[in-house]
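Subject: Structure handover

Hello,

Here is the structure I said I would pass on.

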Amino acid sequence: MGETFYIFKNGELKRKDDNIILKSTEGEIKNLKVEMMDELYLFGEVSLNTKVLNFLSQNNVTVHIFNYYGFYSGSYCPRDRNISGFLLINQVKAYDNHSRRVGLAREIVDTAHFNIYRNLRYYNSRGIDLNEHMSSIKRLARNLDFAENINELMGIEGNIRKTYYSAWNDIVRQDINFEKRTKRPPDNMINTLISFINSLVYTTTLAEIYKTQLNPTISYLHEPGTKRFSLCLDVAEIFKPLIADRMIFSVLNKNIITENDFERESEGLYLKEEGKKKILREYDSRLSRTIMHKDLGREVSYRYLIRLECYKLIKDLIGEQKYQGFKIWW
């Protein structure tokens, strides 16, 4: 598996022989070792030309672009070499069949709710009284079986997450006063971390989907639309509790991230460059963590769990095996 490279420096990407170099505005030159690269994240002001993009595409490197404030802007994905007309037709058919679409969307929400509940149960067992939140989420989740359309499922999912977020002030030991989820601009440390780290999970999910034959624009819980890879949103719902949320609790409770890693600008609170680097180091570490997979009987990384989720979805779409989402068992 290739590596992930992060670029914060301002400068220019150039192709040199069979490689890509970054020439910073200070004149520093860095060899990016494309043969080892899987994904490239750009956080600085970087210029590049079609020669660079073509070379990255030939080496199957996905480029993710973030703006100055750390908001995800978009991705450049190589030409799809792993395509299947048969799967595409079945993917569209499942979306167009109301019963199948609602069934897949219900499983995604149910799995996400289960993983959220596991997070609360973990902290409840460590002396933080979250019983009321857990009971509320259980009650809300019972309504999933009776939801008849996507809007009802999205409403239940939204209420579950609202209840979940209301427990975060008890879980997080820093005094942040996290009252509600706000996005643009994020107004406190937790909202800033949720926005940034969820974007990372989204881009990782996109990269893993591209390694399968799924089309990332056709989704089931989130409505497919223009200018977004909505299937990434579906799959990311399952893994945000495991990867993003647990990571936020960890970096705040261990004081890896503190208020010194943020700056206030344009009515919002944003991560400084060093704060982003801390998060990315921790994020890479989490994606590399392994668990013993109960079905495969071998160790797999958190990153590979996302790709396995895609394979399970494919099996459902082609009628081979009913889709069951990944649920945290430890």
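The notes below cover the sheet, the cysteines, the cores and the aromatic pairs.

This is a predicted model, in which local features need pLDDT of at least 70 and side-chain atom pairs count only at pLDDT 80 or more, while totals for chains, interfaces and linings use all residues. Residues are numbered from 1 along each chain as its sequence is written, and side-chain values use heavy atoms, with hydrogens and water left out.

Sheet. Helices (H or I, at least four residues) and strands (E, at least two) are DSSP runs numbered from the N terminus; two strands pair if DSSP finds at least two bridges between them. Four strands form an open sheet in the order β1-β5-β7-β8, with mixed pairing. Strands β1 and β5 (residues 37-42) run parallel and are joined by five bridges. In β5, Glu39 is the bridge partner of Thr4.

Cysteines. With a disulfide defined as a pair of cysteine sulfur atoms within 2.5 Å, the count is zero. The nearest cysteine sulfur to Cys77 is that of Cys232, 8.1 Å away, which is too far for a bond. Buried means under 20% relative accessible area, exposed over 50%, and partly exposed in between (1.4 Å probe, protein chains only). Cys77 is buried at 15%, and Cys232 is buried at 0%.

Cores. A nonpolar core is a set of buried Ala, Val, Leu, Ile, Met, Phe, Trp, Tyr and Cys residues joined through side-chain atoms within 4.5 Å. The largest has 89 residues, of which Leu193, Leu252 and Ile279 touch the most other members. Helix α8 (residues 230-253) gives the most to this core, with 14 residues. Apart from it lies another core of 16 residues, including Leu32 and Leu56.

Aromatic pairs. Rings of Phe, Tyr and Trp (its six-membered ring) pair if their centres lie within 6.5 Å; planes under 30 degrees apart are stacked, over 60 edge-to-face, and the rest tilted. There are 27 such pairs. The Trp168 and Phe249 rings are edge-to-face, because their centres are 4.7 Å apart and their planes at 75°. Trp168 lies in helix α6 (residues 168-171) and Phe249 in helix α8, so this pair ties together parts 81 residues apart in sequence. Phe239 and Phe326 are stacked, at 5.7 Å centre to centre and 15° between the planes. Phe239 is buried at 0% relative accessibility, and Phe326 is buried at 6%.

Regards
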